[in-house]
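Me: I would like to learn how to read packing and chain contacts in a model. Please take one feature at a time.

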Amino acid sequence: MNPIVVENLTKSYRRVKALQGVSFSVRKGETYALLGPNGAGKTTTIEILEGYRKADGGTARVLDMDPASGGRRLREKIGIVLQATALEPELNVRETVRAFARLYPSAIPVDEAIELVDLAHARGKRVKALSGGQQRRLEIALGVVGSPEVLFLDEPTTGLDPDARRKIWDLVRSLNDAGKTILLSSHYMEEVEVLAHRLSILVDGKIRAEGSPLELQGQFGARATISFKIQGNGQEIIYPYGVRDKVREHQGWTYLAVDDPTPALNELTAWAMRHGFGLQHLTVNRPTLEDIYLQLTAKPQPETR
Amino acid sequence: MLLLFETFHQLRLFMRRPAAVFFVAVLPLVLLVIFTEIFGNDPVSAQGVTTAQFYTPALAVFGMVTACYTYLAVSTAIARDTGVLKRVRGTPLPPLTYISARVIAVSVIAVLSVVLVVGVGVAFYKVELLHHSLPASVVLLIVAALTFSALGMLVTALCKSSDTVIAVTNATLLPLAFVSEVFVRPWRELPTWMKWIADVLPLKHFSSAFQATFKPALQGHGFVWQGGDTTLAILPQLAILVAWGIGAAVLASYLFRWEPNAG
Ligand SMILES: Nc1ncnc2c1ncn2[C@@H]1O[C@H](COP(=O)(O)OP(=O)(O)OP(=O)(O)O)[C@@H](O)[C@H]1O
Ligand SMILES: [Mg+2]
């Protein structure tokens with residue numbers, strides 16, 4: 001059985017339908033990302049799995065236990081990083097981590113946890129004297145100190161500088177390599193592309209797309225865009241027959257949207273050589289996850305290309 | 001073992017909050033010194049005790065209630081508002097252990113604050129410690145610490161935010177302390193309705209019983225139901241404290257929430 005299984009989850013808050021039948025599962029050792037705009041239901045999903053909130057309908061299982069009633073046995077095996085920072089300002093870094101470490105049966109050494117998030121230099125500092133990003137890193141240390149089998153990270157790298165973010169990515173990857181299962185929410189496409197084996201895009205409490213980053217790219221934007229600037233030689237520009245109907249010109253750039261860029265490129269370069277045109281800044285672009293995301297979350301929904 | 005660690009954890013947090021230390025441990029001492037110096041430490045005719053002998057247990061009561069009721073309620077509410085309680089709830093720490101640690105910590109603080117006030121009274125103002133009623137004082141102290149902790153948790157459970165909790169604890173403790181005759185020596189009868197309020201609520205019972213254990217005129221160990229002009233009896237007050245404590249604890253555990261309030 002997969003460590004995280006969600007089936008047809010529904011949840012409403014008074015007027016808001018936060019989740020409208022969400023289903024996915026996360027395999028052992030996998031990093032799964034939830035992507036979606038503000039209010040999409042990411043935190044709601046994660047907090048149901050952490051046992052904080054009760055779903056109205058559907059099932060949620062973590063390590064084959066019901067998170068709402070799993071109690072201590074489940075909590076010993078999961079690590080939590082909440083979206084909102086919650087630390088005691090009066091304690092220092094070491095005391096904070098130690099207070100959490102002693103609650104778990106197989107905790108890693110306190111200093112090791114501190115080093116994992118690169119806070120060794122701030123070990124003795126009071127939490128209230130830490131910067132926002134340092135506090136966030138401390139919380140990540142609290143999430144991993146119990147050496148959990150399943151780790152929930154709700155927007156873990158929000159507020160971190162690029163360097164710290166990369167360190168956290170390394171940490172997440174090394175946890176993955178050690179066989180931990182990770183459920184992550186994020187607004188950073190780059191982060192999701194780097195970390196997630198699979199992801200789903202959640203909009204208004206519904207999953208709009210699911211798969212690996214590559215699968216999603218294949219599924220949503222098979223078309224590649226070839227772009228270049230023509231360097232003319234006075235001759236009239238007549239594009240080769242095979243691509244002529246796909247050409248779009250805009251501000252001196254030429255764009256070509258094609259399903260398979262290889263023959264198009266072949267034809268184009270041969271044509272340019274033959275007529276003595278230059279193809280400046282020639283690039284082939286695959287749609288990024290970000291493009292797909294923006295396409296799926298745009299309101300109103302545009303037609304699929 | 002976990003309970004011990006968590007209790008130390010809470011004690012450490014207290015020690016690092018100067019405002020809390022001031023109100024719980026320093027203020028009662030300052031008041032004792034001020035009152036004794038203002039009123040003079042002569043025997044008061046009606047009761048035959050000195051000012052310090054009267055105020056020492058009274059201010060000990062005040063410090064104790066500040067710790068168990070006000071500080072516990074406010075610090076717990078702040079921990080809830082800042083998400084600390086929610087975060088704790090997501091760890092394997094059993095909720096009961098965590099709450100117990102908080103209660104034990106404030107009780108320890110309360111007892112230390114009482115020892116401090118009584119110690120200063122004994123050392124500098126010739127306050128008499130009565131051997132025969134000392135066990136009664138100690139039992140009262142422990143029971144009252146638990147009762148007022150339960151009331152503190154009840155206030156936290158009833159209020160949405162720490163701001164409300166601060167307002168409610170202050171708005172209840174100070175007036176109640178006055179109508180319960182903690183601060184004033186009653187040289188005049190209080191209005192009936194005030195008396196009635198004080199009689200219903202637990203503070204007066206605690207403070208009068210605790211003060212009684214400091215009255216040299218009263219004899220006996222105090223663990224009797226029926227007292228008199230010369231015999232000490234704390235069991236009636238003790239019973240009222242226990243009833244309030246159990247009632248508040250049951251209600252608080254029923255209403256208590258761990259998450260910050262959304263609305
Ligand atoms: N405790 C609550 N009470 C009422 N409504 C809530 C509560 N929590 C969430 N909601 C609503 O449910 C919806 C989903 O919220 P959720 O926090 O799950 O979104 P999210 O995807 O995590 O967003 P974000 O990216 O901003 O963190 C939102 O419309 C939000 O307003
Ligand atoms: Mg969220």
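Reply: Start with one side chain. Contact means heavy atoms within 4.5 Å. Leaving aside neighbours within four places in sequence, B:Phe206 touches B:Val61, B:Met64, B:Val65, B:Leu140, B:Leu141, B:Ala144, B:Phe148 and B:Leu241. This is a predicted model, where local features need pLDDT of at least 70 and side-chain atom pairs count only at pLDDT 80 or more, while totals for chains, interfaces and linings use all residues. Residues are numbered from 1 along each chain as its sequence is written, chains are lettered from A in the order in which they are written, and side-chain values use heavy atoms, without hydrogens and water.

Me: How many residues does the largest nonpolar core have?

Reply: In soluble globular proteins, nonpolar side chains tend to be buried together. A nonpolar core is a set of buried Ala, Val, Leu, Ile, Met, Phe, Trp, Tyr and Cys residues joined through side-chain atoms within 4.5 Å; buried means under 20% relative accessible area (1.4 Å probe, protein chains only). The largest such core here has 87 residues, and B:Phe206 is among those with the most contacts inside it. A second, separate core has 48 residues, including A:Leu160 and A:Leu199.

Me: How many salt bridges are there between chain B and chain A?

Reply: A salt bridge is a side-chain nitrogen of Lys or Arg within 4 Å of a carboxyl oxygen of Asp or Glu. Five are counted between chain B and chain A. One salt bridge joins A:Glu95 and B:Arg16, at 2.7 Å, N to O.

Me: How many residues does each chain bring to the contact?

Reply: Chain B brings 20 residues and chain A brings 25 residues.

Conventions:
Buried means under 20% relative accessible area, exposed over 50%, partly exposed in between (1.4 Å probe, protein chains only).
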